[in-house]
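The following questions and answers walk through a structure, from the whole chain down to single residues. Please keep the sequence and the model in view while reading.

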Amino acid sequence: MDINFNFLNKFKQAITHLFISSPSHKTESHDAEKGVISLYTIAKNSPNIQSQRALMGTVSCPSFVTGDNFVGREQQQQQMREIIELWCQRQGELTAVIVPSGAGLSAFLAQVMSLLTTMHNDISAASQNKSLSTPKIDSSSSTSTLHIKPLPEQVLYMSFYQAPLSAKEAIANICYCFNIAPPDTITDAIKLINQQNSQLIIIDDVHKLMIRMMGNSQALMTFATIMMETRKQHCWLLGCETYTWQRLSAQYQIGHLVSNLLEFNYFNAKELAQIQTQQLDKLGLINTEQHVDVNSVEAKPAQVTDKEPPFEDQLKQLYSISQGHPALALLLLQYSLNHQVDINADETKQENEIKIYQINISALKNCKDSDLFSLAEIYVHGGLRVHQHAHIFTISIEKSILQLEYLVRQGLLQVHYSEQDFVAHYYRITPLLTNIIAIHLINNNKLFH
């Protein structure tokens, strides 16, 4: 692969702000020379944790990210369209989008706004052509077109960051979606919510509603009951992490309440190559006429050219190492290009060859069972505070902090320190390591299969 190494200077300038500046550890330098990257180094270069306001509050309303460069998930987007159309025909049921952590759940849910816009435009175009302005109905149905609901005009996108521990808290949280004062009983809440204008309501990160503490089970049932009894008036979409969904289904039979399941995994090789190529283009390392032929990543014949597509081999390696985790693949590509000069020359490295760094997971392998169980609980909950972790494992606050901080030093957890109370320090799995950690936990029988 013929790439001039002078471009690395340009690359370093372009991404300097992406990497945290700090003195290099001796072990990091040693890893770099060997062409490997530690979990700690990956964690150090991971995106910052959510804002303090979001973590310390009860709810957050993320803004929609509808980018034109959304990749893949075509089948699931078509399923989502059909689900919304069924809701318009008064056949609406609860829908859950089940995705492993880091595979693009929030990005997919954010596309619903674009999808609704497209559906509205299709109806307008059909109306102008003197066609039906509503979804088609089975001719055997006695339902009149007058009774078909219009597409929802409003979309609400919510994430709850504190698990409710009582039915009263659950009612208050779900009423927050409608900006209404919570009544005292679930019956009154259902009646009041059914009187509100129809909305499409997306609740992301449903796994953050679940916690193994007294009262949470009743709170979850309250949540589910309200959504079930208002699903004809409002279109409910839930986003949940895969392994948490399995636990919810096993312990609370929540799967019996949800009729529509949309599931997808990490990106395949072709999709990941497309995502990385877009990033390379943004960084100015390739131009639009030099994009990699993503089909070649699927072992299809490459286009006939004098040179191979830029970074073709590297994109294949990135998929193999990251297993389709897009953010991890991007960091590995950036880090590898930025540290080529650190790799010791050896017989296997050809002149001007770009080597992708391998991941050193020794820190994860060295964890004790108690550490792995902690990682498993934090994974399925999306994050835990110190007092929650201590409660779940029935240990002291002091022991809990020591164990969690050890995992932070290994790069396995990220932490947001609360200025109000140390027991409210918030820990979550380092985002770029979610897939690596989940696989290790499964292989060690610490996570749901």
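Accessible areas come from the Shrake-Rupley method with a 1.4 Å probe, and for residues only the protein chains shown count as cover. This is a predicted model, in which local features need pLDDT of at least 70, side-chain atom pairs count only at pLDDT 80 or more, and totals for chains, interfaces and linings use all residues. Residues are numbered from 1 along each chain as its sequence is written, and side-chain values use heavy atoms, with hydrogens and water left out.

Q: What share of the accessible surface of the chain belongs to carbon and sulfur atoms?
A: The accessible surface of the chain comes to about 22000 Å². Of that surface, the part that belongs to carbon and sulfur atoms is 48%.

Q: Is A329 buried or exposed?
A: A residue is buried under 20% relative accessible area, exposed over 50%, and partly exposed in between (1.4 Å probe, protein chains only). A329 lies in helix α14, where helices (H or I, at least four residues) and strands (E, at least two) are DSSP runs numbered from the N terminus. Leaving aside neighbours within four places in sequence, A329 is in contact (heavy atoms within 4.5 Å) with L272, Q276, L318 and S322. Its relative accessible area is 0%, so A329 is buried.

Q: How is α12 oriented relative to α14?
A: Axes are lines fitted to C-alpha atoms, for helices over the stretch in contact, and angles run from 0 to 180 degrees between N-to-C directions. Angles under 35 degrees count as roughly parallel, over 145 as roughly antiparallel, 65 to 115 as roughly perpendicular and the rest as oblique. Helix α12 (residues 269–282) and helix α14 (residues 326–338) pack at about 50°, with axes 10 Å apart. That angle makes α12, relative to α14, oblique.

Q: Is D205 buried or exposed?
A: D205 is found in the loop between β5 (200–204) and α10 (216–229), and its phi is near 55°, a positive value in a residue other than glycine. Most residues other than glycine have a negative phi. Because its relative accessibility is 14%, D205 counts as buried.

Q: Is T394 buried or exposed?
A: T394 lies in the loop between α17 (386–392) and α18 (397–409), and has a positive phi of about 50° although it is not a glycine. With a relative accessible area of 71%, T394 is exposed.
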